[in-house]
Amino acid sequence: MSRVLLMGAALVLLCTGAYFLLREKPLPPIEAAEQIWIASYDADEIEGLIISPKDSISYPLVRTERGMRLMGQEDMQLRDDVVEEMLEAAGRLEAQEVIGRTDETDVPLAAFGLEEPELKAVLTLADGTKKEISFGDYVPQTDLPQYYCLADGVLYTVLAEPCDVLFHDAEYLRYFEQPQLQTDLIDRVDVTGEVTLSLQYTHDGFRMEAPWEYPANEAKVNTLLSNIGRMAFEAYLGKPEENDLAALGLDAPALTVVITQAPSIITGVTQDSEQVTIDVPETKYTLLLGKDNGESAVYVCWEGGVYKASNFLLGFWKEMQPAEYLSQTPMNITVEKLQSLSVKTEKGEAVYQVEMVESVGADNQIKTDEYGRTLYDAQVKKDGKGMDASSFLSWYVQLNRLKLSGRVKEGWQAEGEPLATVTLLGSAGQRQVAFYPYDSLHAVMTVNGTGLYYLEKTALYLLDNLP
């Protein structure tokens, strides 16, 4: 019985720590130069490259008059940059370390994941010779990720990063154009499905239209626009009719996103040095998000094409929480866009007019910034009479720092007269903020009739102490 246990323990040590076992008992040494090249061929020396992933379909690349193409699909345009990376990875493969010759050791290839390799790459050179390279498991406990690698009966370790491009399926090679959106021109974003969210641009900032009508959180919208600008796909899978949309979750997508880009004008110069302008109309782009494919990626449909995309770049759509896009400072219209503000309480009413005027220096000259742009100052009137603008602006900053205490109960409705009302007129129109009793200590803030948050009544002292 003890001998069986000892044999079992030895087998475990062999399979889980083969690399370190070999280090303790070195294989016959192989003379190595300062740089150890497993393969050292220029790209134009490679006439063919067969990629055989363990869990996917093999595919051959062959050289044609138009460069490397998939055999049998020579008319299909490929991503030249990816093909070049593959030829470089397989043709100029440098080892990190030589472990030893496999024919001079009893250690099985399975200990390195090379009995059934994760990937085989077969190079065909211009003279007809072939070279096979196999990639196995990750090497344990290394500073940089490395694979075990086998070629010509010699076992090596290689850095994973330059070789990872070889692990892509054939679909990854198909040519496509990445989305190119001008985020500063995005006027509207509509999301429906598992999440509902509509954002509309106005001159006073983005406004949420669904699931609530409410000013939008500027920081969250900016992050969303930045993410939209970074959208990119991994692989083009073809047109919808070429794919099983049900299998990809695109027959009934989890999310449908419509991005509206505002009209714009493109200017340019012709070959005859004539300046021309082209009107670009409003454009809508549609994105469908389907199933995750189990490899940190998601299937999507974009403008008539089906793609596989990384969740790292597109996962933000499924992580959206509409409540996070609600503004916590709904009275915050920037001063340069604020035209008037009125306050009405039980004590009375006051109206402030705000106008931006050119800033004039001590030399009686109009002030400009370092780029030559004119600077402006706020000029404020209270009930038609001029007043100190700084005191109004200081009060306005405090008004927009009113701390919200929490969300109101679902189904809450305003009743009776408000405790106070603030009406703002900005570039995009009027915004009315009213405060209604909620309980003995709190008041609900409504914005254009929508009440989502409450705050302490004591915070409303600002509206009784006007500048």
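A charge sits over a ring if NZ of Lys or CZ of Arg is within 6 Å of the ring centre and within 35 degrees of the ring normal. The model shown here is predicted: local features need pLDDT of at least 70, side-chain atom pairs count only at pLDDT 80 or more, and totals for chains, interfaces and linings use all residues. Residues are numbered from 1 along each chain as its sequence is written, and side-chain values use heavy atoms, leaving out hydrogens and water.

**View A. Charges over tyrosine rings.** Lys220 lies over the face of Tyr325, 5.2 Å from the ring centre. In another spot, the charged end of Arg407 sits over the ring of Tyr453, at 5.6 Å from its centre.

**View B. An aromatic pair.** Rings of Phe, Tyr and Trp (its six-membered ring) pair if their centres lie within 6.5 Å; planes under 30 degrees apart count as stacked, over 60 as edge-to-face and the rest as tilted. The count by this rule is 19 aromatic pairs.

**View C. A ring cluster.** Look for Phe176 and Tyr307 again: ring pairs link them with Phe233, Tyr236, Tyr285 and Trp302 into a cluster.
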